[in-house]
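Have the viewer open and follow along.

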Amino acid sequence: MPLLNPASPQRFAPSALTRTLAWLRLCAITGQSSAVLFAALWMRMEIPVLPLLVVIGLYAIFAAFASFRLTMPWRVREWETIGHIAADTLVLSALLYLTGGATNPFVTLLLIPIALGAAALTIPALLTVAALTCLAYVFLLRHYLPLPPMMEGRAGFELHVLGMAVNFAITAMLLGFFINRLATAVRLQQDEVQRVRERALRDEGILAIATQAAGAAHELNTPLATMRMLLPELRREHATDQPLAEDLELLEEQVERCRGILREMVAFGKAQLSQEEEQMDVGSFVHGCLERFQLLRPEAELELDMADAVAGAALSSPPGLRHALINLLNNAADASAMCDSNRVALRVSRDGGWLELDVSDRGPGFLPDEPGHALGYSGKQGGLGIGLTLAEATADRLSGELTAENTADGARVRMRLPLTSITPAPPRREGARKAPQPSK
């Protein structure tokens, strides 16, 4: 997949700017309606109330349409954002045309779309918005309906200054609030792009390791087959040497175990390609993982804490979840062994709509500057450094999360999975069967 450049917010900012304009539009409609009614009813100014309210009403219809558009799944393009700004500029120009044009103290509100667009649009789009605003201002310099006579003289000048003060306060609040809102949205989108980039790099590393593992498994199958043929003959030749015969028998068991692991790798790869999920309850899944773990680490002292209500819950186990849990248990056993302990604890619980799998150890814990589950890092000798990374990738694929923290006795790794991604889909009702075809 192509990696997105987090340094170019124009790929994502138009949608954030359009949502900000939707909020600004609601504020503008409220403020414009209040200003018109205040000037006409309380100040008794002779302004064209009906045309002003008609323009504001049409603006409200456009605002409703624009808000409905934001609920659609289609991506907001930059040209569409420019269209919204053009509509806002046209409405504001019409209101200013009816109330004094460029002599109206609120004419500087035309600069707000430029200020917002500067934080989100590309240079050509910003120049387009600036050109529209300049054309509107030049038009209002020559063409407008003059303000009523009460705006002339000293009283009119004082009223104009008061209007400029109100306009300054409104502009300051709007720019401060909405630019902060827009910058926050852009920053969140850039953080998401960075997470996608890191996830892609991690998956690329996992894919490289998987490719090497597949090649190694294919090459190991030949020497394992050779050893499997020679070991029974060696046992027959040295049947009288009891200690050697026992060692050869153990070696033969280990070869069979290696062949079984290779077969599991192939089966797991096929399951991944077919996306087949195992249907079982949580208890059966957990006990199956623990049985496999005990075969791998018979010396481990495992403690299980799982309520009956959680154990009976239905589970649709996707490929990889079983291996992720076994990896966490195996890492916990290794960590406990570093402190001369064999104790490993697994706690399975439910927290609202989440299934939590907590694996605790009695090891030294994570160091403050330890990279944790970084790909290729291992805090133990002989480790490959991919156990936690693979578990994190599995949790991420299931829309879950993997967290690690130190405890008083060691460390705890928690895998949280949403029940919506691991719960079997409800069976189809009988009424949803396909309708019979009409007879010919």
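Start with two helices: H3 passes H5 in a right-handed crossing. Keep in mind that this is a predicted model. Two packed helices are described by the angle between their axes and the distance between the axes. Here, the axes of H3 (residues 78-97) and H5 (residues 123-142) come within 10 Å and cross at roughly 15 degrees. Since angles under 35 degrees count as roughly parallel, that makes H3 roughly parallel to H5.

Who does the touching? On the H3 side, Glu78, Ile82, Ile85, Ala86, Thr89, Ser93, Leu96 and Tyr97 take part, and they meet Ala125, Thr128, Val129, Leu132, Thr133, Ala136, Phe139 and Leu140 in H5. Sorted by class, this contact has 11 nonpolar, 4 polar and 1 charged residues.

In soluble globular proteins, nonpolar side chains tend to be buried together. The largest nonpolar core in this model has 35 residues, and Val348 and Met415 touch the most other members. Among the elements that give it two or more residues are helices H8 (282-296) and H11 (387-397), along with strands E4 (343-351), E5 (354-361) and E7 (411-418). The top contributor is H10, with 8 residues.

Zoom in on Met415. Setting aside neighbours within four places in sequence, Met415 is in contact with Leu321, Ala324, Leu328, Leu355, Glu356, Leu357, Ala391, Ala395, Glu401 and Leu402. There's also a second, separate core of 19 residues, including Ile85, Ala125, Leu140 and Phe178. That brings us back to the helix pair, as Ile85 in H3 and both Ala125 and Leu140 in H5 belong to the contact described above.

Notes
Residues numbered from 1 in each chain as written. Predicted model: local features only at pLDDT ≥ 70, side-chain atom pairs only at ≥ 80, totals over all residues. Heavy atoms only, no water. Axes fitted to C-alpha atoms, helices over the stretch in contact; angles between N-to-C directions. Helix = DSSP H or I, 4+ residues; strand = E, 2+ residues; numbered from the N terminus. Parallel < 35°, antiparallel > 145°, perpendicular 65-115°, else oblique. Left-handed = near helix turned anticlockwise from the far one by under 90°. Contact = heavy atoms within 4.5 Å. Nonpolar A, V, L, I, M, F, W, Y, C, P; charged D, E, K, R; others polar. Core = buried A, V, L, I, M, F, W, Y, C linked by side-chain atoms within 4.5 Å. Buried < 20%, exposed > 50% of the residue type's maximum accessible area, 1.4 Å probe, protein only.
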